[in-house]
Amino acid sequence: MITRTFLLVLLTLIAALNASVADSAKDMLAAGRIDEAIAELNGHLSSAPADAESSNLLCRAYYALEDWERAESSCRKAAELDPDNSRFHLWLGRVYGEKADRANVLAAVGLAEKARGEFEHAVQLNPNDVDARLDLAEFYVLAPRILGGGEHKARQQAQSIATVNPGREHWVYARIAEQKKDAATAEREYHQYIDLSKGEAEAWLNLAFFLRRQLRLDEMEQAVVKLSQAPMPKLDALVEASQILYRTGRSYPFATELLHRYLAAGPVEAAPAFKARYLLGLLLEKQGDKAGAAQEYRASLSLARNFGMAQQALDRVAH
């Protein structure tokens, strides 16, 4: 007969094991070691299928690989196991949003509605979660009314965000203005975001995105320079900035420098190392360094062997 004390000890040990696996997988995700993270999490979940945290981490690993079906399955499982966890619903909403962007019109409608529902649920569960409110606000800005979008709803989210992050409030207003084709107001709001954030890199990044959309590429590049000199709580801004320069054909050496800086500082989950290595390979290839590019593509594949774009790029430069 199992005593109550023994049962409590057993449950404590299981909880400790789950936490240990989750911490290990988080470290792997942060380092961009996607293959290792997936193997670790799948192995653990085969014996502990009711571990919501590990299911969510597995979702995020598949999300990084853009394996949307597996990401949805894992995220949905996490949300079902722990339905009161705001972050689990946020990640499930993000997966639905990505799937909606890639689906045909009929499927996209249903997926968009699911995304909105998950974002709204996440906010209801944790009203102080700025990430959830930002994702919900952007949905309201971009979605038509028939799918539950609307400027008034977005402004309500912005006002709630203001109590936690005043700068981000103005990011929402900027996105609303852009959607209304009011570039002058949008630019003022982006600068207000910069001022209220005390010049943080992420605020400069969003201004750079805006300037790119406006095809003001010289000013965009100047914003990236400002970003590189700014306080940087979120290191993934370096990768985003490098990607902007690559996609607009601007200052490849500077973009390469930003990526080297990012990788030296230690990658974060929001910008997986395997993707940063791939981007670095593209930049080196553009600069005529095929050997260096091949090295980066191999480094990318060593972290995520099924990352098809890196394999295609390696095949291109290796012949």
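Cys75 is buried in this predicted model, with a relative accessible area of 0%. Its partner in a disulfide is Cys59, at an S to S distance of 2.0 Å. Cys59 is likewise buried, and its relative accessible area is 0%. The structure holds 1 disulfide. This pair links distant parts of the chain, 16 residues apart: Cys59 sits in helix H3 (residues 52-65) and Cys75 in helix H4 (residues 68-81). The angle about the S-S bond is -75°, and the link is left-handed.

The loop between H3 and H4 contains Glu66. Phi of Glu66 is positive, near 60°, in a residue other than glycine. Most residues other than glycine have a negative phi. Glu66 has 37% relative accessibility and therefore counts as partly exposed, since that value lies between the cut-offs of 20% and 50%. A second case is Lys198, which is not a glycine and has a positive phi of about 60°. Lys198 belongs to the loop between helix H10 (183-196) and helix H11 (201-213). Its relative accessibility is 74%, so Lys198 counts as exposed.

The next topic is the nonpolar interior. In soluble globular proteins, nonpolar side chains tend to be buried together. The largest nonpolar core here has 105 residues, and those with the most contacts inside it are Val172, Leu207, Leu227 and Tyr297. Helix H15 gives the most to this core, with 9 residues.

Asp236 lies in helix H13 (residues 236-247). What happens to its charge? Asp236 is buried yet has no salt bridge. Lys234 is the nearest side chain of opposite charge, at 6.5 Å, whereas a salt bridge requires a distance within 4 Å. Not counting residues up to four places away in sequence, Asp236 touches Tyr262, Val268, Ala270 and Ala271.

Methods:
Residues numbered from 1 in each chain as written. Predicted model: local features only at pLDDT ≥ 70, side-chain atom pairs only at ≥ 80, totals over all residues. Heavy atoms only, no water. Disulfide = S-S within 2.5 Å. Helix = DSSP H or I, 4+ residues; strand = E, 2+ residues; numbered from the N terminus. Buried < 20%, exposed > 50% of the residue type's maximum accessible area, 1.4 Å probe, protein only. Core = buried A, V, L, I, M, F, W, Y, C linked by side-chain atoms within 4.5 Å. Lys, Arg positive; Asp, Glu negative; His and termini not counted. Contact = heavy atoms within 4.5 Å.
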